[in-house]
Amino acid sequence: VITLKLGGAKVPFVWGLASAAEVEVNAVLVVATTDVFKDSLDRIRDAVAAGLLAPLEKLGPARVRVAVIGYGQTTIGQKKLGTVALAKAALAKLEAEEATTEVALVKAVTDAVALAAATKPRAAGTLQRPMVIILSDGDGIDSDTRPKITELGALAQKKGVRIHALGYSPIKARRSLLTLGELTKQSGGTFRWIQEMEGWQIALEQLVDQICLLYTSDAADERSS
């Protein structure tokens with residue numbers, strides 16, 4: 001059997017033809033570019049390009065559409081989903097800020113959820129799997145803003161958008177990661193805590209496997225029901 005390596009797993013190619021062809025993965029990446037990421041953003045960007053975008057690109061443009069939104073004090077990035085190649089280019093343009101006084105995390109995730117939910121399928125009958133993938137430390141959310149995080153996660157769940165988070169703090173802060181945990185909890189997504197830079201590869205492999213296996217197995221369940 002011919003296999004295709006995606007993430008850390010070798011997936012039978014026949015499985016890909018039989019199942020993934022009827023599923024569209026619409027993923028919006030939300031990437032923190034605040035000042036604390038000044039010394040680590042380049043390495044994170046390289047890890048994401050190799051460990052997430054490159055494997056997804058192998059599924060083909062008919063099966064995967066991606067957009068990238070960066071955030072610091074404001075948001076920047078793509079306004080619509082497109083090819084993985086365009087997402088790689090958008091990711092490469094992100095730069096960490098020298099100083100961050102306010103954080104636009106809520107706006108970035110709000111825009112990402114709306115974008116993932118609003119994108120129409122290419123063909124009638126195609127199953128869509130919209131998701132938001134956050135790469136962040138979750139910092140910048142005060143007590144007044146925290147209820148908006150819960151509401152945002154619940155809104156994503158209502159729209160059928162799962163929020164997955166890769167939580168990483170270059171300064172080893174932990175409390176702010178709870179923000180990401182709340183978003184994933186409310187939306188039915190998954191939170192992964194990356195404690196050291198070396199942990200990005202494993203976390204990204206796990207995420208790719210989740211995208212390629214969980215969502216397509218959902219499709220198989222829906223067809224057999």
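Predicted model: local features only at pLDDT ≥ 70, side-chain atom pairs only at ≥ 80, totals over all residues.

Residues are numbered from 1 along each chain as its sequence is written, and side-chain values use heavy atoms, with hydrogens and water left out.

**H5 and H6**

- Helix H5 (residues 146-158) packs against helix H6 (residues 177-187) at an angle of about 30°, and their axes are 7 Å apart. Helices (H or I, at least four residues) and strands (E, at least two) are DSSP runs numbered from the N terminus; axes are lines fitted to C-alpha atoms, for helices over the stretch in contact, with angles from 0 to 180 degrees between N-to-C directions.
- That makes H5 roughly parallel to H6 (angles under 35 degrees count as roughly parallel, over 145 as roughly antiparallel, 65 to 115 as roughly perpendicular and the rest as oblique).
- On the H5 side, the residues that meet H6 include Arg146, Ile149 and Leu152, and their partners in H6 include Thr179, Glu182 and Leu183. Contact means heavy atoms within 4.5 Å.
- By class, this contact of H5 with H6 has five nonpolar, six polar and two charged residues. Ala, Val, Leu, Ile, Met, Phe, Trp, Tyr, Cys and Pro count as nonpolar, Asp, Glu, Lys and Arg as charged, and the others, Gly among them, as polar.

**H4 and H5**

- The axes of helix H4 (residues 105-118) and H5 cross at roughly 10° and come within 10 Å.
- H4 and H5 are therefore roughly parallel to each other.
- Val106, Val109, Thr110 and Val113 of H4 meet Ile149, Leu152 and Ala156 of H5.

**H2 and H3**

- H2 packs with helix H3 (residues 84-93) at an angle of about 175°, their axes 10 Å apart.
- That makes H2 roughly antiparallel to H3.
- Among the residues in this contact are Arg45, Val48 and Glu57 of H2, and Val84, Lys88 and Leu91 of H3.
- The contact of H2 with H3 has ten nonpolar, no polar and four charged residues.

**The second largest cavity**

- Val31, Ala32, Phe37, Leu41, Ile44, Leu135, Ser136 and Trp200 line the second largest cavity. A cavity is a set of points on a 1 Å grid over the protein atoms alone where a 1.4 Å probe fits but cannot get out, and lining residues have an atom within 4 Å of a point.
- Strand E3 (23-32), helix H2 (41-57) and strand E6 (127-136) each supply at least two residues of this lining.
- The lining has seven nonpolar, one polar and no charged residues.

Technical notes: 1 Å grid on protein atoms, 1.4 Å probe; cavity = no way out; pocket = protein on both sides within 12 Å on 5 of 7 lines; lining within 4 Å.
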